[in-house]
Amino acid sequence: MSKGSFSNIKYQKWIALASAALLFCIIYFGFSLTDKNKKSKLDKERALITEVTGPETLVKEARASASKDTLELVGRLEHLTEGTDTALIVENLKRLSGVWYSQKRYGMAGYYAQQVATIEGSAQAWSIAGTTYGVGVRALPEGKEREFCVGRAVKAFENAISLDPKETNHRVNLATIYAESPPKDNPMKGIMMLLDMSKSEPENITVMNTLGELAIKTGQWDKAITRLEKSYQLDPKNRETPCLLSMAYEGAGQHEKAHEIAKLCNQKG
């Protein structure tokens, strides 16, 4: 398997988890509300974020690196967020977030997805915000924008969990953020969260695949194979599992198995 293929497969899990999010946040950025109650909620959220990270710096940097066409588009969409029509405001916040997402400014994209979540107040909206930030955690190099994404992803997924505590994916996504960027005082926090979930939900495919992927990243090939083979037996139609399993086989030197299972990974539909 080539390095390019390995890299492409590596991100499929998050791409899969983000797919629902991207259906909603194909677009997002600034806003201005005159409705007092909604404006108050948004102002409080913006103030909280400013205290933590100073997103105004991200705004300045994103604008400085954007093309003239992008800035013009952003300006037009910002204008459309001025008013009292909540549905129109949300629609254009999503569009503006998507503009920054397409520019790979994931901190900005997540920040404005978070404004949508503040308005809508649903677990799904908070999950979308967290997932958008999560892409930044995966894709960005160490630095202030990645730190911004880590902190805001955690908060977003915690909000999603509080609103919908029975949805496993919110907890898996939160654990994955901790695994990708371990807290200094508890470096095993993400892994332990996933292991606890695997005990309470031993046949949960998402949990098994996430643990399998993390085992691959740390070179624990046998452990990855054990988890992913079980996952594949439980749900052979899951398209993510053979992709991860092919990586595990390849890492363990089982090239023939890796080649065969990779055929299923590449299948569409």
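The model is predicted, so local features need pLDDT of at least 70 and side-chain atom pairs count only at pLDDT 80 or more, while totals for chains, interfaces and linings use all residues. Residues are numbered from 1 along each chain as its sequence is written, and side-chain values use heavy atoms, with hydrogens and water left out.

Let's start with the whole chain. Its secondary structure comes to 15 helices and two strands (DSSP runs numbered from the N terminus: H or I of at least four residues for helices, E of at least two for strands). Of the 269 residues, 46% count as buried (under 20% relative accessible area; exposed is over 50% and partly exposed lies in between, with a 1.4 Å probe and protein chains only). The chain exposes about 13500 Å², and carbon and sulfur atoms supply 53% of that (by the Shrake-Rupley method with a 1.4 Å probe). Take the contacts with a separation of 6 or more: 64% of them join residues 24 or more positions apart (contact means heavy atoms within 4.5 Å).

Now for the helix pairs. Axes here are lines fitted to C-alpha atoms, for helices over the stretch in contact, and angles run from 0 to 180 degrees between N-to-C directions.

| Helix pair | Angle | Axis distance |
|---|---|---|
| α10 (168-180) and α12 (205-217) | about 10° | 10 Å |
| α12 and α13 (221-234) | roughly 155° | within 8 Å |

The angle of about 10° between α10 and α12 makes α10 roughly parallel to α12 (under 35 degrees; over 145 is roughly antiparallel, 65 to 115 roughly perpendicular and the rest oblique). On the α10 side, the contact includes V172 and T176, and on the α12 side it includes V207 and L214. The contact residues divide into four nonpolar, five polar and two charged (Ala, Val, Leu, Ile, Met, Phe, Trp, Tyr, Cys and Pro are nonpolar, Asp, Glu, Lys and Arg charged, and the others, Gly among them, polar).

What about α12 and α13? These two are roughly antiparallel to each other. Among the residues that meet are M208, L211 and A215 in α12, and W221, A224 and L228 in α13. By class, this contact has nine nonpolar, three polar and two charged residues.

Finally, look at the loop between α6 (86-102) and α7 (106-120), where K104 sits. Most residues other than glycine have a negative phi. K104 is not a glycine, yet its phi is positive, about 65°. K104 is also exposed, with a relative accessible area of 56%.
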